[in-house]
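Dear colleague,

I am passing on a structure that I would like you to look over when you have time. My notes on what was found follow below it.

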Amino acid sequence: GDSVTQMEGPVTLSEEAFLTINCTYTATGYPSLFWYVQYPGEGLQLLLKATKADDKGSNKGFEATYRKETTSFHLEKGSVQVSDSAVYFCALSDPRTSGSRLTFGEGTQLTVNP
Amino acid sequence: GAGVSQSPSNKVTEKGKDVELRCDPISGHTALYWYRQSLGQGLEFLIYFQGNSAPDKSGLPSDRFSAERTGGSVSTLTIQRTQQEDSAVYLCASSLADGEQFFGPGTRLTVL
């Protein structure tokens with residue numbers, strides 16, 4: 001079945017550092033890929049998405065490119081802020097094989113220190 | 001407009017008791033999803049509704065778990081004879097057809 005693997009956390013960075021959170025996936029179909037973010041005390045929010053190979057999703061300075069050849073969707077940000085501290089989840093949906101349900105990675109806790 | 005709401009926000013129960021968790025989706029959203037977030041298992045899909053029908057119940061972990069949706073709106077997730085391993089945060093999400101899923105704040109269930 002479909003699965004998502006994220007780099008293990010937690011990740012601790014200083015403000016203005018470069019961020020990469022790795023995400024790879026296994027899917028039999030042609031999934032859409034997502035990054036969700038969960039800020040402390042809040043619900044899950046969609047951060048960005050990409051629906052086909054080579055698409056780049058971007059939002060709030062974060063970017064991720066759908067790489068079919070490496071089955072990856074790594075999250076990057078050039079300069080993190082303290083307010084980016086949260087848990088980040090990579091996810092996929094594959095309507096042709098598993099409907100519109102989301103399959104999530106384990107989550108990566110990011111802490112940004114001033 | 002209002003987002004997805006869930007109640008209660010916290011529930012503490014004793015092992016063996018039944019619990020009901022409620023989800024109010026965004027008005028007009030036809031699709032509704034239940035997920036579970038637990039320390040050992042991460043974020044897992046439980047069940048999906050399209051209108052009042054549940055075409056995908058494959059994530060329900062046992063027959064102690066059931067869910068219904070009435071009027072194409074409110075959904076209730078029921079756990080019978082709760083066990084300690086049921087302790088988790090139960091998340092509800094809704095969407096338009098196959099669109100972006102919007103998540104509620106969750107219900108934290110603790111089974112003593």
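A polar contact here is a pair of N or O atoms within 3.5 Å, where, within protein, one must be able to donate a hydrogen and the other to accept it. Please keep in mind that this is a predicted model. On that definition, the side chains of Ser94(B) and His29(B) are joined by a polar contact of 2.8 Å. Ser94(B) lies in strand β9 of chain B, which covers residues 88-95, and Ser94(B) is buried, with a relative accessible area of 0%. Beyond its neighbours within four places in sequence, Ser94(B) is in contact with several residues, among them Val4(B), Pro25(B), Leu32(B) and Phe102(B).

In chain A, strand β5 (residues 32-38) has 7 of its 7 residues buried, so it is largely enclosed by the rest of the structure. Both of its faces are covered, with Ser32(A), Phe34(A), Tyr36(A) and Gln38(A) buried on one side and Leu33(A), Trp35(A) and Val37(A) buried on the other. β5(A) runs antiparallel to strand β10 (residues 86-93) of chain A, to which 7 bridges join it, and Leu33(A) has Leu92(A) as its bridge partner in β10(A). A further 6 bridges join β5(A) to the antiparallel strand β6 (residues 44-50) of chain A, where Leu33(A) stands opposite Ala50(A). The hairpin of β5(A) and β6(A) has 5 residues between the strands, and Gly41(A) takes a positive phi near 75° in it.

Chain A also holds an open sheet of 4 strands in the order β3-β9-β8-β7, with antiparallel pairing; its edge strands are β3 (19-21) and β7 (56-59), each pairing on one side only.

Best regards

Note on methods: Residues numbered from 1 in each chain as written. Chains lettered and ligands numbered in written order. Predicted model: local features only at pLDDT ≥ 70, side-chain atom pairs only at ≥ 80, totals over all residues. Heavy atoms only, no water. Helix = DSSP H or I, 4+ residues; strand = E, 2+ residues; numbered from the N terminus. Buried < 20%, exposed > 50% of the residue type's maximum accessible area, 1.4 Å probe, protein only. Contact = heavy atoms within 4.5 Å. Pairing = 2+ DSSP bridges.
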